[in-house]
Amino acid sequence: KAFPIVGIGASAGGLEAMSELLQALEPDLGMAYVFISHLAPDQESLLPELLRKHTPMPVLKVENGTVVKADHVYVIPPNATMGIVDGVLTLKQPRSTTEKGFHPVNTFLVDLAESYQMDAVGVVLSGTATDGTLGLKAVRAGGGWTLAQDDSAKFKDMPQNAQEAGVVDFILSPEGIARQLAELRRHPVVMRKANAKPVDAGTSGLQDILVH
C-alpha cells in the first residue's frame, strides 16, 4: 500500500532545521522522509551520521536503486541529483556541470509530485536562493501538501521565495512542521484540501513546471 513520502529541501542552515524537525517528529507515522540538501560536490557528507543523533528512525545515505520504506529517513549524497519512481530512488552522478544552476530540491519534488500526487508532501527549510519553489508548485498541483519554515530559518531565501510565490499551505517552525505532518497523517480525509485539483491529462507533464 502506498504511504506518503515527504521531500524535505534545504541549503544553508538546513542541518539545524532538519535536526529540530527530526527531534520533534514521531518516529512511527508511517511516512518516509527524503532530505535533499545542497552539498559541496567534492566533500564526503556527514549528514546521515549527524541526523541519526536526532531520531530513532534509520537514517540512510541514498544509493542508486534504494527502495523507500516507511519510517526511514533518506539523505541525498554529494554531487548528485535524485529522482523517485515507484518507490525507488534514482541518482544521477556526477551532477551535470552544464546545467543552468543546480536545483536538486526542485528536481526531486517535481519527480515526487508526478509519481505520488496526493501522497506527496513537500517541505522547504532554511536556505539561500530559490530552489524548492517550483518543486512545491508541482506538489501542490498534484494535490499534495506543502510546508515551509517560518522566520526561524537562519537563511530565509528558500522558504520566503516559496511563500511569496503562493505555493505553501503551512508556514511553521521545524517543530511545528513535525506536528503538522502528524496531523496530516492522522486526518488525511479531513485535511484534504477542498481546492485540490487533480492533475488532468492535459497537464500530466509536471516536468513542464521546471521548464517555465
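Of the contacts in the chain with a separation of 6 or more, 71% join residues 24 or more positions apart. The model is predicted. Its chain has eight helices and ten strands. Buried residues account for 50% of the 212 residues.

**Surface**

**Cavity**
- Rolling a probe the size of a water molecule over the atoms shows where empty space is left.
- One cavity of 30 Å³ or more is present in the structure.
- The largest cavity holds about 40 Å³ of space.
- Its lining includes Ser-37, His-38 and Leu-39.
- Ile-76, Pro-77, Pro-78, Asn-79 and Ala-80 also line the largest cavity.
- Arg-95, Phe-102 and Pro-104 are among the lining residues too.
- By class, the lining has seven nonpolar residues, three polar and one charged.

**Helix H6**
- H6 covers residues 174–186, 13 residues in total.
- From first C-alpha to last, H6 reaches 19 Å. That is close to the 18 Å expected at 1.5 Å a residue.
- Buried residues in H6 include Pro-174, Gly-176, Ile-177 and Ala-178.
- Further along H6, Gln-180, Leu-181, Ala-182 and Leu-184 are buried as well.
- An α-helix has 3.6 residues a turn, so residues three or four places apart point the same way.

Note on methods. Residues are numbered from 1 along each chain as its sequence is written. This is a predicted model: local features need pLDDT of at least 70, side-chain atom pairs count only at pLDDT 80 or more; totals for chains, interfaces and linings use all residues. Side-chain values use heavy atoms; hydrogens and water are left out. On a 1 Å grid over the protein atoms alone, a cavity is a set of points where a 1.4 Å probe fits but cannot get out, and a pocket is an open set with protein on both sides within 12 Å along at least five of seven lines; lining residues have an atom within 4 Å of a point. Grid points are joined across faces, edges and corners, and a volume is the space filled by probe spheres set on the points. Ala, Val, Leu, Ile, Met, Phe, Trp, Tyr, Cys and Pro count as nonpolar, Asp, Glu, Lys and Arg as charged, and the others, Gly among them, as polar. Helices (H or I, at least four residues) and strands (E, at least two) are DSSP runs, numbered from the N terminus. The expected span of a helix is 1.5 Å times one less than its number of residues. Buried means under 20% relative accessible area, exposed over 50%, partly exposed in between (1.4 Å probe, protein chains only). Contact means heavy atoms within 4.5 Å.
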